[in-house]
Every structure is written in C-alpha cells, then in structure tokens.
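Take a walk through this structure, one region at a time.

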Amino acid sequence: MSVASANTNPSAASTGQARPVAQFFIPAAASLQERRPRTLKHGDTFAVFDHNGDVLFGPGSPEGLFHRDTRYLSHFYLTINRQRPMLLSSTLRDDNATLTCDLTNPDLFDDKDRLVLGHDLIHLRRSRFLWNGHCHERLTAKNYDDRPHRIRIEIAFEADFADLFEVRGTVRRKRGRHLSPVVKQDYVLLSYTGLDDRTRSTRLSFDPRPDELGSNHVSYDLDLAPHESRSLFMEIGCYEGEPKRPGGYRSFFLALRDARRALRASTSRAASIDTSNEIFNEMARRSISDLYMLMTDKSEGPYPYAGIPWFSTVFGRDALITALETLWLDPAIARGVLRHLAANQATEIDPTADAEPGKILHEVRCGEMAELGEVPFRRYYGSIDSTPLFVILAGEYLKRTGDLSSIYPLLAHLEAALTWIDEYGDRDGDGFVEYGRLTDEGLINQAWKDSRDSVFHADGTLAQGPIAIAEVQAYVYGAWQAAAEIFRQVNRPERAANLLARAEGLRRSFDAAFFDEELGTYVLALDGDKRPCRVRSSNAGHALFTGIAYPERAAQVARGLMSASFFCGWGIRTVAATEARYNPMSYHNGSIWPHDNALIASGLARYGFRADAARIFEGLFAASTYIDLRRLPELFCGLPRQRAQGPTFYPVACSPQAWAAAAPLLLLQCCLGLDFEPNALQISLNQPQLPSFLDEVVLRHMLVGAGSADVAIRRSGRRQVVVDVVCRRGDIRVLTRA
C-alpha cells in the first residue's frame, strides 16, 4: 500500500496546488472502526455508507460514492418529517450484491410539540447496489398503523468532487471550479471542471417525479393509507463527459438483473467450500464474496483491486499475492493478473514514476491529482517485490493449470522482468536486490512494509538505503526457480539450468549474509552500507514461503515465529515484541496482517510444520468470530489475546481488503496440503491436517484440466483424517500422501 511518508511534488507545490506534507500517509483523524461502514463496489466505482445508508460529510470522513479516484457524492442524508430515521438493521447480502437498510420513524411532533406520529409505525427499506458507474436505490415506505399518515421524505445531497488523496488528508491550495447545477423536473446534474481540464458530473435521477427538487435536496410528500407502501427509485450516475439519458424504475430492475447475472457468472468459476463449522462457512463465503466484489474486469481478464476505501485500484503486489492465495480456487484470477501486469510493464526509465524497463506496476491512479502530478501514482512502479512476484505467479500458474498456451505470450515479459532483476534490481552488483526511490517524491520504503519507519536497526535507528530487504531475496530465489521450470517446459534447458544454478548461489549468499545465529532468524534487511538490520521480523517467514531457507534454518525460524514474542494468539506480529520499535498499534511494527500470516503459514507447511500453520489458522479464525460480517480486515493490532475478548482493531484498516480476504483460502490449502498435477490429471493431499475448529471439509468443483472433482476430508480420531472422493468429472485421480 502507498502509505509511506513522502513530500509533495515540488513543481505542484510551487504552483500552489498542494501543501507539502506527509500526504501519502493515511491519517487517523476518523476511525473506520468507529463508523463500521457499509461498502459496495463494481468495476471502478465503490461506495462507503453509514449503517443508515447515508453519506455524512465531515472532516476525515471516508464516506461517499467514488469513481476512478474521485468522490462523486459527498453527502446523502435521508430524513422523515425532518428527523433522521432510527436504524433497525443494515445488512449486505452474503454475495455483496446489495445493501439493505431497514429504518423506522422516531416519535414525530408538530410545531407545538404535539405527537403526530408514534415511533415504529412507518417502515423504510433502502435497497441499493452499484452497476456500471451508477448507484441504484429503491426506497420503500410502508405504513403499519391502522390509520392514514402523510409523511415527508427528504434527502439532502452534495458532490464535492474531491480527489481520493484529498479525502485521505492532503490539503490542496488550488482546485478547479464547480459548475452551476442543472435542475430539471426529475433529475439534478452537478458538475466540476478540474485543473486537468476534465469535467466530472454527478447526475441524481428520481422516479416518480419529486414534489420538490433543488440543487441540493429532493423531497416527496407521501399519503399512505393503513398498510399501504410506496416505492421511490433513485439513480446516481458518475460521468466523465456527457451523461447518458436518466433512468427510472425500469433501469433499477434491469441493472439489478444484469448485476446478479454477472456476479453469478464470475463466481461460478470458483471451487466451493463447505465445512462442519457454520461460523467458518460464513467466513469463507464472505471471503469469496469480497474477492469477487473487489474483482474488476479488465480487457486482459479479472483483476482484484486491493481494498476499500483507500486502495480500490490496480496494485501490482496486492493482486499478485491475492492471485497466489486463490490459485487453487480460481486460476482465472492469476491469468488475468499476469496479463494485465504484462500489458502495463515498464519499457523505459522514468524517475518520476520509479520506472525502469521490465519493472512491474506498483499502483495506478486516475484522479485529478494524479493527472496533474501532484501525487506520483498516475502510473507508478515503486515496489521492489512486484517484479519477482510476477515471475513466481507465472510459474505457479503453469504448475496449477498446465496452461502453456497462456504462458507463451508472457515469455518476453518474463524475460524483461528477469533482466530488470539483474540490471536494475541489483544496484551494486553484490548479488542482492535493493530498493531506493529515484526522486524525492517516490515512496521511501518499497517492500510490502512500506511505511516510513518499517525498516530499522536494533537500536531503533531508521535504515538508510539502498535497502536489501530479506523477503525480496527470497522472492528472487523463487522467481528464478519458477522461471527455470517455465523455460524447461518451453524447451530451453540451458536457460533453465542457468537459472537453477543462480538460485542455488543466491541461497548460499542469502544464508551467509542474512542469517543471524544470535537472533536465531534472518535479519530484516541490509542497509546501504551493508550493515544488517538485526531485527526479528515476520519478513523471515517469507523465506520459508519460497523455499530459500535451508531446512535447519527453517526449524529455527519456525520456533521463533511461533514464540510468545511473535505469536500473540491471533496471529504472528510483523515484528517481535522484543524489538525497539515494537508498537502493537502501529501499521507495520507489531500489528497482525492476515496475508502476512497466510504466506508464513504456507512456508511453515512447506517445511513440514503443518501443525504450526494450523495454529495460525485457528488464531485468525478466532479473530474473525469477533469481527463484523466475519470479514478479516487489512490488519489489526498485535496486542496479546485475552480470554473471552476479541482482537483490538486498527483505526484506518481497509475492509474488505483482497489479500486479507484471500488469507483463509490459502490457510485452508496449507493445512490440507492441497496440490495439483494437471499433466497427470491429479489432485493430491499431502499430510492433510484439519485445524481444531473443523471436523469436516468438503471442496467442490476443483478444476484439473478439463475435469473437476469434489473431495471430502473428515477427522478420524485426534490426529488422523480420512479423504473421500465424493464426485469425479473426467478421468481425475485424487491421492493422499501420509
């Protein structure tokens, strides 16, 4: 995530466009945990509402309707007879298709304080969804009293057209201009022309025609007989350029039909999970629903956006890790990610974008500030790990699917990525890959822990670059191994042998330079002077993930990661509690990240520590039982687990977040030892183990080649499991290896 502190582009600041502050850090002025917002997303549009379904404008508020990094609706406030309705419930469908808010009236009085309508007599139901840049809503009012009532429904609205980075806290000294509102009988058009000369418009349409419609409010006077209901339809469209013709109630139902069809079509690709634990089933359903809500259809295929509200856009690292986590479930995600990142691979040196030939994207932004260069993320390549992860994912995709036809068009891109590792990644020729921003506007830290203070020495002093971070060396090792297998399969054995030899050399060098006998683990990083950052961190677990660790080292790392200083009961902290900068409430220095834990668990399982992987799984599952919607957030605080108490939340964590949503899926695969051999049409379960909260797991529609299989794994005794093939479609074998 791009949360690290950095200065504003000097050229932008000199024109008075933005204040030079630490603007890329997400401020904690308004806690998302206090608000517990409701989120919807489709394509490049997402929305953040409160539980009533309103958008409340205020300092630090993340609420609103956003499209391509611009907030198109900043206030949307419903009242009944000028009073805010009382909340009954607020629920997202299990598949995230619609948000439903049930409300009722409070006691309503006239101007002389006489009660004219007792509470709980009028029921209001708001049903809302997003589709193709539009927010559709049906508001139904029903009178449950035994006599008629006249009520006034009013909605106040505003559109500030704030750039997402403004919403995150950046202060701009100069903005574009708001155009005069256009008010017609059944719609309002609000528009803004930015400093980038682009006009962005919000059109609010209403059906039936309102009794009163102004530039910032709409009202209906409804006469409701006993038990009568009336429905009002609203459509909020986000446009760059000329708006389309306003819709009505028919467009609501047509869009709802199309949205549900599209969702069913995308999720039908995925394997399904059913277990003996209904709470875990809820968690799994929410994880899969969140993944497909965050999915955006690009011309190259499906691509998971990173998270809501701050990261609903293309991120390279996040999508690559999400695709690795979900590869067993739906390989099409990995194919879409590989194709899109290949299509956007850097081809030239551009210091302002931290771009170099062969480098893989970090982040793309489409808002006004990115277009103007006020933030450097219009098309930004400042991540050190996306490029080797790209190669790893290509290798894992081929291993999972055997789909060489999709790999051949990627070969030139894989070669470019490998060349980048050699020519640009290893800056000083010492055999390790280092990062360092190319201009003062880029991110300071460019690994996944990208906050300003995430890389430091034992005494707490911040490391100075260029920095060789531990896990990136592991990723390069994994990339060379993956590329070697790809080249072997495309009949380039000499290239494959060379890469394998280089990987083995890197393994030796990494062990010598990074493993610290006194710490019993790998150091966090080497700084610009090649001094080791002697810090015990979760980064070492990623060395297990790719297999760069020697087995004897893996055992030491595993013991350390599962010790009390790391494992707090909910999961493994990003740094141990013994370290100088440990703070369980920080972003990267003691917090718990589900995706980090899932990758570590995968590494533990790789070296045979499947029981430890199950323990991590149990901790994160236990945390989810205390979390709204069973939805694992981006991160939570690393405070120790207390009996009969839930985890401590991080105030501005994104939720949903793609790689967090996918974490339980990878954890399940780790525990089951689930693997695929497509050329042999084979599914294998290697030393499968069920975590303590599951007695049975049934996996359906697991694709292998042109066929699929349904498999049940059941507990038998305290430690043993029994594997049963429920159904085969095609000539598929299922093997269990003890």
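**From a strand pair to a pocket**

T45 has H67 of strand 3 as its bridge partner. The model is predicted: local features need pLDDT of at least 70, side-chain atom pairs count only at pLDDT 80 or more, and totals for chains, interfaces and linings use all residues. Residues are numbered from 1 along each chain as its sequence is written, and side-chain values use heavy atoms, leaving out hydrogens and water.

Strand 2 (residues 45-49) and strand 3 (residues 64-67) pair in the antiparallel sense, over 4 bridges. Strands here are DSSP runs of E with at least two residues, helices are runs of H or I with at least four, and both are numbered from the N terminus. Pairing takes at least two DSSP bridges between two strands. The sheet is open and has 4 strands, in the order 1-2-3-4, with antiparallel pairing.

Now go to strand 20 (residues 272-275). In a regular strand, side chains alternate between the two faces of the sheet. In strand 20, I273 and T275 point to one face and are buried. Buried means under 20% relative accessible area, exposed means over 50%, and partly exposed lies in between (1.4 Å probe, protein chains only). Strand 20 pairs with strand 32 (residues 696-704) in the antiparallel sense over 4 bridges. There, T275 stands opposite V697.

Next, F252 in helix 4 (residues 249-267). F252 is buried, because its relative accessible area is 3%. Leaving out residues up to four places away in sequence, F252 touches S127, F129, H136, E137, R138 and F233. Contact means heavy atoms within 4.5 Å. The C-alpha atoms of F252 and R715 are separated by 48 Å, and the two residues are 463 apart along the chain.

Last, the largest pocket. Its lining counts 33 residues, with E396, K399, R606, Q669 and D675 nearest the centre. Elements giving two or more residues to this lining include helix 9 (386-401), helix 16 (594-606), helix 19 (663-672) and strand 30 (674-677). A pocket is an open set of points on a 1 Å grid over the protein atoms alone, where a 1.4 Å probe fits, with protein on both sides within 12 Å along at least five of seven lines; lining residues have an atom within 4 Å of a point.
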